[in-house]
Amino acid sequence: MSVEVPGRTEHARRMVRDSLVRGPRPDAVPALIARACTVVGLLDIAAGVFPRFRNSRMHSAAEVLPGALGPFAAALSLSTGVLLLLLAHGLRRRKRRAWRAAVILLPAGAVAQFAYRHSLIGVAISLALLAPLLRHRDEFAALPDPRSRWRALANFVLMGAGSLLLGLVIVSVHANRMIGDPSLADRITHVLYGLFGFQGPLDYTGPTSWTVAVSLGALGLLTAITTIYLALRPEHPAARLTQDDETRLRALLEKHGGRDSLGHFALRRDKAVVFSPSGKAAVTYRVVSGVMLASGDPVGDVEAWPGAIERFMDEAKAHSWTPAVMGCSETGGEVWTRETGLDALELGDEAVVDVADFSLAGRAMRNVRQMVKRIERAGYETRVRRVRDLSDGELERIRRAAEDWRGTDTERGFSMALGRVGDPADGDCLIATAHKTDRPDEPDTGAEPGSYADPGAYAHHGTYGALGPYGDLKAVLHFVPWGTDGVSLDLMRRDRSADPGMNELLIVAALQAAPGLGIKRVSLNFAMFRSALARGEKIGAGPVLRVWRSLLVFLSRWFQIESLYKFNAKFRPRWEPRFVVYGSSRDLPRIGLAALQAEGFVSLALPRLLRRRRAAARPCAHAAAERVRAA
């Protein structure tokens, strides 16, 4: 289907005009100021840590920097250096609060220099850094990032670890004045005591003990103050889809959902949304590590996409977030690059199977055909139904099975995952299930086979027996709607004790049942770097392509790169390219890390065993099993 891409809008022309007036790097001033703060911070830390540095000519210049004041020069220099390093990151991102903190810190340092040391040079250095901050204050207008009190815990862990390492350096650089030859354990103990303001087991000659104690105490106090501040400040959680947002998005998908197979994933409730001024298009996103990450194409009328994209870019600029888009189509990539001046890079291919063309016949489908027949002979049966056609009890059983069979501590998926199964609002979603009952024939009880209401589920197998905690359920596939005549694969789960090939069995079952459900096209998994893998294994591939393919195969040990490509290729799909949209090549590592976090491959969450379990996390099936054991 050809789609006419809108031309460059007034917003895009204004962006080009602004870039010509301001130059190619409008963020050069904040970046320069941030680098200056970083340099000053490192010099202050060096002046506070290394005794030789303090006695060198370099110290004559460094000790007039903000923070090197009075008899506590080492501790104050150390603390100020750490604070300046923390501020540098916010200044680089044009954060307003970082600017305010720097504007307060630098004059305070200048006043202290003059009051305690009568140092005009120290005042001049502070004012030299302050002048560009005041002159370019309009550059520092970015709003705060979403925050929660988990930030306080992260700060405590990171600052604590940094203080411990820096404290070990402080303790060790005074080796010539250390009494005795303490072990590493003694030095760590001394640092830990010092961070909490107590005297440790080490001792030094002269005033060095006092200098080390004050420096360690300053690091501990700085860690405590920043942690307490982050813990007590008001929470500002990340935006989430409201009920009104979801209703508006569903209305857009009802009209335009057939355009993009990833459209329904915009309904993830951990995303935020911006709408075009007309309300006819929207972009959903999540902020991860300072990256404003959208996925798929904008939702809605393609003619209204530029308005939604403009709102997206304005929001990114207001917060100084790095804008990026994961997995947009070729049409979407063209619109994004035209409207924003961003660049696009092919990320991989989406496997799409046309139902009318699918068949298990032929040599190419021999392996899939044999696998499906083998599993069917083993006694497995499949059912393909809409979510609205399942009972509440079976939906609950499927939800719990999908949770327990996940295999990872966190739910993976962002751009091609809905994040929920069986929600009443998702009645058009499709669920394919595999079942196997290994027990003798029994009289019909009227209950759902394998359910907890069926007494035969436990009668012949002790507690759970061959049926397991989820009855005869062995595997689940969940599809989301793709317009009115398509579905897109969302989730694949299977019991680890089930026979291999469950996913192939259910995909074939879904494709064979599709005509009766009015489905003409099925989108399967996304194959990252598919073209490189395909071309690299062909005869005549160049050395660069072969090396690139070898690297991808190596990375497949941790990420499902080659395995997803080979799995998708079994079903003879057509490949639709997907792109990542980004600002500059230097942003790609940061965007890549944010994407890995969003997709769940890199997680900062606590392990599953350490999380608080909800009362309803385990169903009444366990209570039923206990009753059977007692009997």
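This dialogue goes through how to read several features of one predicted model.

User: What should I know about numbering and confidence before reading this structure?

Analyst: Residues are numbered from 1 along each chain as its sequence is written, and because the model is predicted, local features need pLDDT of at least 70, side-chain atom pairs count only at pLDDT 80 or more, and totals for chains, interfaces and linings use all residues. Side-chain values use heavy atoms, with hydrogens and water left out.

User: How many helices and strands does the protein chain have?

Analyst: Helices (H or I, at least four residues) and strands (E, at least two) are DSSP runs, numbered from the N terminus. The protein chain has 22 helices and 12 strands.

User: What percentage of the residues is buried?

Analyst: Buried means under 20% relative accessible area, exposed means over 50%, and partly exposed is in between (1.4 Å probe, protein chains only). Of the 631 residues in the protein chain, 49% are buried. Accessible areas come from the Shrake-Rupley method with a 1.4 Å probe, and for residues only the protein chains shown count as cover. The accessible surface of the protein chain is about 31700 Å², and 58% of that surface belongs to carbon and sulfur atoms.

User: Which percentage of contacts joins residues at least 24 apart?

Analyst: Contact means heavy atoms within 4.5 Å. Taking contacts in the protein chain between residues at least 6 apart in sequence, 76% join residues at least 24 apart.

User: How many salt bridges does the rule give?

Analyst: Side chains of opposite charge can pair when their charged atoms come close. The rule asks for a side-chain nitrogen of Lys or Arg within 4 Å of a carboxyl oxygen of Asp or Glu. The count by this rule is 22 salt bridges.

User: Where do Arg-250 and Glu-246 lie?

Analyst: Both are in helix H11 (residues 243-256), four residues apart, which is about one turn of the helix. Arg-250 is partly exposed at 23% relative accessibility, whereas Glu-246 is buried at 4%. The two also belong to a network of salt bridges that links them with Arg-269, Arg-420, Asp-423 and Asp-426.

User: What separates Arg-399 and Glu-396 in helix H15?

Analyst: Arg-399 and Glu-396 are three residues apart in helix H15, so about one helical turn separates them. In their salt bridge the closest N and O atoms are 3.1 Å apart. Arg-399 is partly exposed, with a relative accessible area of 30%, and Glu-396 is partly exposed at 32%.

User: Which parts does the pair of Arg-388 and Asp-428 tie together?

Analyst: Arg-388 forms a salt bridge with Asp-428, with 2.3 Å between the closest N and O atoms. Arg-388 is in the loop between strand S7 (381-386) and helix H15 (392-404), and Asp-428 is in the loop between H15 and strand S8 (430-435), so the pair ties together parts that are 40 residues apart in sequence. Arg-388 is exposed at 52% relative accessible area, while Asp-428 is partly exposed at 42%.

User: Is Glu-350 buried or exposed?

Analyst: Glu-350 is buried, at 2% relative accessibility, and its place is in strand S6 (residues 343-354). A polar contact is a pair of N or O atoms within 3.5 Å; within protein, one must be able to donate a hydrogen and the other to accept it, and residues adjacent in sequence count only if both atoms are side-chain atoms. The side chains of Glu-350 and Ser-261 are joined by a polar contact of 2.4 Å. Leaving aside neighbours within four places in sequence, the residues in contact with Glu-350 include Ser-523, Asn-525, Arg-574 and Trp-575.

User: Which strands pair with S6?

Analyst: Two strands pair if DSSP finds at least two bridges between them. S6 pairs with strand S12 (residues 574-582) in the antiparallel sense over nine bridges, where Ala-344 has Val-581 as bridge partner. S6 also pairs with strand S11 (residues 521-528) in the antiparallel sense over six bridges, and here Val-353 has Val-522 as bridge partner.

User: Which residues is Ser-531 in contact with?

Analyst: Apart from neighbours within four places in sequence, Ser-531 is in contact with Glu-346 and Asp-349. Ser-531 lies in helix H18 (residues 530-536) and is buried at 18% relative accessibility. The C-alpha atoms of Ser-531 and Asp-349 are 7.6 Å apart, although 182 residues separate the two along the chain.
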